Amino acid sequence: MPKNSNQPSSPEQGTLSRRAPLIAGMIVEGSRGIYRVQTADGNLRCTLRGRLRKQLEYGESTSGRKGVRQVKVMEKDPIAPGDRVRLLPTENHSGIIEEILPRESGDFSRRDPGKGQANLTTVAGLDQIVTVFAVQQPEPHLRQLDRFLVLAEAQEMDALICFNKLDLGVEPWLSRRLEVYRSLDYPVLLTSAGSGAGIAELRERLAGKTSAFLGSSGVGKTSLLNAVQNGLGERTSAISDTTHKGRHTTTGTRLFPLTGPDGGFLADTAGIRAFAFNGSLPRRLDQCFREFRPYLGACVLSDCNHRGEPKCAVRAAAQGGTVDPERYDSYCRLVEAGVDLGESE
Ligand code: GDP
Ligand code: ZN
């Protein structure tokens, strides 16, 4: 007598569903044990298999304002948007996540978030950040670009430098600076959401990757995303707005599929925007300036910060002009701002 004979379905069916093959998918949204997963069979609402659920950890919210109900916030979630999983499909577009595949690329959640911050900034498996500036209106601040590049380097993600509003004209000083970044092998793309210049190349560079756009408001992120794919800008920024006014801090980031033949995903920027230097980097800061790397072994002091130390090869290179002095200055400002030098590799 089969054990499950008391169930309405036949024993064969029961066996069949238990043995159904797992399918692959990618988390596009969710937290706290309920996730939306993009699969070849569509977008499924999934929960976690028991042993994975045990990895969820809850902590009490630190917000104890009068009249505000204490909310439980997630301190630790084994899964983040961008994670690739294997799951057992069940009925009604649902499934059970059986397996979380190891993360290969950038992971904004690797560092422990501060107490009470939960996983606001979490995106796993981010391949690329796209730093967006306007060539003017607003005036671009290249210190901010250097900070974005440090973030990308620290997480070993690709960075695409995008300067929008090309139709307004590029000032000579900016052209000269962009050459510096090209010489460091960063791709620099000039676009105009208005005229359509550079949009085809932007679309190509997003294809097949999971990307996030970073940039101040007003530079044209929404317009650019709409130019890349109809409605994409509105969808991603609408999410940003709700998250900012959000009821919970754990809404997390959503990923939107790109419709091109090579696929790809775009992360909404709400979570990423909150990401700032508020802890230590997973790599040493000096490693995050790629042009410093050839000099890093050549300083006399092994723990050289490349500021005032004697016989510093990096500072000498900046003074000699082989390292761009402005980039060196950006590094110094980050050290002054207290960005942790991270662990030695
Ligand atoms: P976001 O805040 O970064 O999402 O920027 P928006 O997409 O909302 O754009 C901010 C403003 O810049 C809007 O008034 C847009 O019409 C304008 N804008 C966006 N792209 C361009 C462009 O390529 N050229 C010009 N001249 N204006 C643009
Ligand atoms: Zn040094």
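1. Asp185 is exposed because its relative accessible area is 65% (exposed means over 50%, buried under 20% and partly exposed in between, with a 1.4 Å probe and protein chains only). Asp185 sits in the loop that runs from helix 4 (172–183) to strand 12 (188–190) (helices, H or I of at least four residues, and strands, E of at least two, are DSSP runs numbered from the N terminus). Its phi is positive, about 75 degrees, although Asp185 is not a glycine. Most residues other than glycine have a negative phi.

2. The model is predicted, so local features need pLDDT of at least 70 and side-chain atom pairs pLDDT 80 or more, while totals for chains, interfaces and linings use all residues. Residues are numbered from 1 along each chain as its sequence is written, chains are lettered from A and ligands numbered from 1 in the order written, and side-chain values use heavy atoms, without hydrogens or water.

3. Lys311 also has a positive phi without being a glycine, here near 50 degrees. The residue belongs to the loop between helix 8 (269–273) and helix 9 (313–320). Lys311 counts as exposed because its relative accessibility is 66%.

4. A cis peptide bond joins Gln137 to Pro138, with omega near -5 degrees. Pro138 is in the loop between strand 10 (128–134) and helix 3 (142–154). Most peptide bonds are trans.

5. Ligand 1 has 15 residues around it, of which Asp167, Gly218, Lys221, Thr222 and Ser223 come nearest (a residue is near if one of its heavy atoms lies within 4 Å). The shell consists of three nonpolar, nine polar and three charged residues (Ala, Val, Leu, Ile, Met, Phe, Trp, Tyr, Cys and Pro count as nonpolar, Asp, Glu, Lys and Arg as charged, and the others, Gly among them, as polar). Helix 6 (residues 221–228) gives the most to this shell, namely three residues.

6. Oxygen atoms of ligand 1 make polar contacts with both backbone and side-chain atoms. A backbone N or O atom of Gly220 is 3.0 Å from a ligand oxygen, a polar backbone atom of Val219 is at 3.4 Å, and a side-chain N or O atom of Ser192 is at 3.3 Å (a polar contact is a pair of N or O atoms within 3.5 Å; within protein, one must be able to donate a hydrogen and the other to accept it, and residues adjacent in sequence count only if both atoms are side-chain atoms). On its own, ligand 1 has 580 Å² of accessible area, and the protein covers 65% of this (Shrake-Rupley method, 1.4 Å probe; for residues, only the protein chains shown count as cover).

7. The ideal angle for four tetrahedral donors is 109.5 degrees. Cys299 counts as buried at 9% relative accessibility, and Cys304 counts as buried at 3%.

8. Asp324 lies in the loop between helix 9 and helix 10 (325–336) and counts as buried at 16% relative accessibility. Its side chain reaches the backbone nitrogen of Arg327 at 3.0 Å.
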